[in-house]
Amino acid sequence: MAMLDSTIVNVALPRIGAELEASVAGLQWILDGYLLALASLILIAGSLGDRYGRRRVFVFGVVWFGAASLLCGLAPTTELLVAARVLQGIGGALLTPGSLAILHSAFAKADRGRAIGAWSGLAGVATAIGPLLGGVLVQAWSWRLAFLINLPFAVVCVWLARRHVPESRDESLTGHPDVLGSVVGALGLAGVTGALVEAPVRGADPLVITAAVVGVSGLTAFVLLQLRGREPLVPPSLFADRTFVLSNALTFLVYAALGGVMVLMVLQLQVSLHYPPTIAGLASVPITLLLLALSAKSGSLAQKFGPRAQLVGGPILIGVGMLMLRSVVPGAGYWTGVLPGLLVFGLGLAAVVAPVTATVLAAAPDRHAGIASGVNNAVARTGSLVAVAVLPAVAGLTGAQYADPTAMTRGWQTALLVCAVASVIGGLMALGVDNRVLETATEHHDPHSCPVDGPPART
């Protein structure tokens, strides 16, 4: 649900803008309100799961997400829709890291590459299929269905989790989670995002300056709290590992590029090429099929040969695909103008998504599975958040210019160039990743126990 809703709304943006009379800034906040809450709270959500039970926090997040989706579907104004999207992002933060941490704790190390590959592939499918499902729902009735569709998903998800998912937690954790650090970090992200979204419209007015100061101060204070706190939300020791740092930097750049392109592509197809919503959503199905077919295999290959080649080559392929998509202009045909770039783009995603997730988790101690997952998800969502906030201004799209085919095409081509460069830089950074990080550790057997009778005894 969380991955689906990060993109399902994209295809509905023109209809939402028309019905609620929203500007570009309003549409940005509909996207960024969700991403902001998700990125800000996903770290503390991972910590809560480690402390109080990953399944418990996961199920609570699913219920919260479903209730917030109902509010989104009923929202009568842009402001109320943005508020409901913020609430939806809180639910997404609670359920997203828990799902991956549950897998990490439930599977033996030798099987995690394939399991995380399947998780990453299905998450990627949900992200890529969002525009298609959104287009079908928008044309069937209204953009409101793009939110209300989550209600039956939430019911099924809670039932499956309670019936089949084992509970797990980090028994070594004591005390309370770092609530202050989470609040300060959330304020920092909110301030920076607000300044980036509103600056192109308002200029350097007092509101924008105040938001920027609050944002920078909040993020600085968050880093200091993590370095000096007794029980930090994010253990600084995680960042002593070069592979953990480089993998998260790669995640930021690739997901920023992905988030920016997925938002602008459905607008370009509808505004400049005059695709109806369903066809605009259907255009990205090849990405979905490639992720579904190749992600689990990609995870297995990374486990077998090491992740470095895929972490370098995948983002470079993504960048090449983005440059090819610059030919998607008025008059371009789907088979010759749209599909080739999408295929290269999808192959790059399939190559990198599963290995980068597995690499981040493998570079962290097992007991920090929840927080490591939270860090990686926060980095990914922050990348998308920054892209949505910054790219329209970089591409010259402000006010209602997104509805003008000429301005939209010019902005689309500029944005693709920026995103391609970001993706390729991310791939080159992965040259420093330890290629042995996914190697299976040799199992240690207690000489005083018999594996035929049962597992080795624990002291």
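What volume does the largest pocket have? I found about 890 Å³ for the largest pocket. For my own record, a pocket is an open set of points on a 1 Å grid over the protein atoms alone, where a 1.4 Å probe fits, with protein on both sides within 12 Å along at least five of seven lines; lining residues have an atom within 4 Å of a point. The volume is the space filled by probe spheres set on the points, which are joined across faces, edges and corners.

Before going on, I noted that this is a predicted model, where local features need pLDDT of at least 70, side-chain atom pairs count only at pLDDT 80 or more, and totals for chains, interfaces and linings use all residues. Residues are numbered from 1 along each chain as its sequence is written, and side-chain values use heavy atoms, with hydrogens and water left out.

I looked up the 27 lining residues of the largest pocket and found Met1, Phe58, Ser99, Trp119 and Cys157 closest to its centre. H6 gives the most to this lining, with eight residues. Helix H1 (2-8), H4, helix H5 (78-106), H6 and helix H8 (150-164) each supply at least two. Helices here are DSSP runs (H or I, at least four residues), numbered from the N terminus.

**Helix H4.** I checked the span of H4 (residues 54-74): its 21 residues reach 31 Å from first C-alpha to last, close to the expected 30 Å. That expectation is 1.5 Å times one less than the number of residues. Among the buried residues of H4 I listed Phe58, Val62, Phe65 and Ser69; buried means under 20% relative accessible area, exposed over 50%, partly exposed in between (1.4 Å probe, protein chains only).

**Salt bridges.** How many salt bridges does the structure hold? I found two, taking a side-chain nitrogen of Lys or Arg within 4 Å of a carboxyl oxygen of Asp or Glu. In one, Glu19 meets Arg144 at 3.2 Å, N to O. This pair links distant parts of the chain, 125 residues apart: Glu19 sits in helix H2 (residues 13-20), Arg144 in the loop between helix H6 (109-140) and helix H7 (145-148). Glu19 is partly exposed because its relative accessible area is 44%, whereas Arg144, at 14%, counts as buried.

The other bridge joins Asp434 and Arg436 at 3.4 Å, N to O. Here I noted Asp434 as partly exposed at 27% and Arg436 as exposed at 56%.
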